[in-house]
Amino acid sequence: MIRLAVLLSLLSAPAWAGDTPDPDWPCIQRRQPHLSLGQVWSGPPPDDAVTALAKGAEVQRVAKLIALRRTSMEEAGTLVADFAATADAPALVALNLAAFDHIQQARDRVMAGITRYAHKQEALDAHIKEKRQEFDRLSAAESPDFDAIDKVEEDIDWSTRIFQDRQQSLTYVCETPVILEQRAFALGRMIAGHLPE
């Protein structure tokens, strides 16, 4: 019973981090649904010709590699330098645009995943509250059914453990969009550094 009281007190704490009006966003970081190229790129803006270049096979090959988080920034630097050795300014702008698009797509997937995560936590929180009410009702009965009480207590215990594990993972999950934003910015600076003066 003491263990249950401790678990219930933990659940009474706020379930979601931060003061955000958006119930779909459980992160402390402010939700920014989409990045704009201007936030991470100080070079010339892409025009229609650059947009067409960004779809080219070689640009796409390099862009996909440098956009991947598993590609170290050192490796990305080598890939960009090798590309820049034979590329003109429009091709470099196209490379940045293509890499940005790949990062934006990855970020969109992560943001959608965070929303699903929030909904699962909300549903689990509702389930735990419902089981707490059931536990109180069963405990208050004139002839308590101890088997049923134990079963509900076990459900609360297990569900609470899952809820808390997910909450601990939330910090990492919420940092992922920020990491992707930082990568887009770092790649933009790296590519811009190869533009002709």
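Which residues have the most contacts inside the largest nonpolar core, and how many residues does that core have?

Mentor: The model is a predicted one. The largest nonpolar core has 32 residues, and those with the most contacts inside it are Trp-41, Ile-66, Phe-83, Leu-95 and Ile-191. Two or more residues each are given to this core by helix H2 (37–40), helix H4 (57–67), helix H5 (73–84), H6 and helix H7 (146–192). H6 supplies the largest share, eleven residues.

Ile-66 shows how one of these positions is surrounded. Apart from neighbours within four places in sequence, Ile-66 is in contact with Ala-76, Leu-79, Val-80, Leu-95, Ala-99, Arg-183, Leu-187 and Ile-191. A second, separate core has seven residues, among them Ile-114, Tyr-117, Leu-170 and Cys-174.

Asn-96 also deserves attention. This residue lies in helix H6, which covers residues 89–139. Asn-96 counts as buried because its relative accessibility is 3%, under the 20% cut-off. With neighbours within four places in sequence set aside, the contacts of Asn-96 are Leu-37, Trp-41, Leu-187, Gly-188 and Ile-191.

The setting for these details is a protein chain with seven helices and zero strands. Of its 197 residues, 37% are buried. Among contacts with a separation of 6 or more, 83% join residues 24 or more positions apart. The protein chain exposes about 11800 Å², of which carbon and sulfur atoms supply 55%.

Conventions
Residues are numbered from 1 along each chain as its sequence is written. This is a predicted model: local features need pLDDT of at least 70, side-chain atom pairs count only at pLDDT 80 or more; totals for chains, interfaces and linings use all residues. Side-chain values use heavy atoms; hydrogens and water are left out. Helices (H or I, at least four residues) and strands (E, at least two) are DSSP runs, numbered from the N terminus. Buried means under 20% relative accessible area, exposed over 50%, partly exposed in between (1.4 Å probe, protein chains only). Contact means heavy atoms within 4.5 Å. Accessible areas come from the Shrake-Rupley method with a 1.4 Å probe; for residues, only the protein chains shown count as cover. A nonpolar core is a set of buried Ala, Val, Leu, Ile, Met, Phe, Trp, Tyr and Cys residues joined through side-chain atoms within 4.5 Å.
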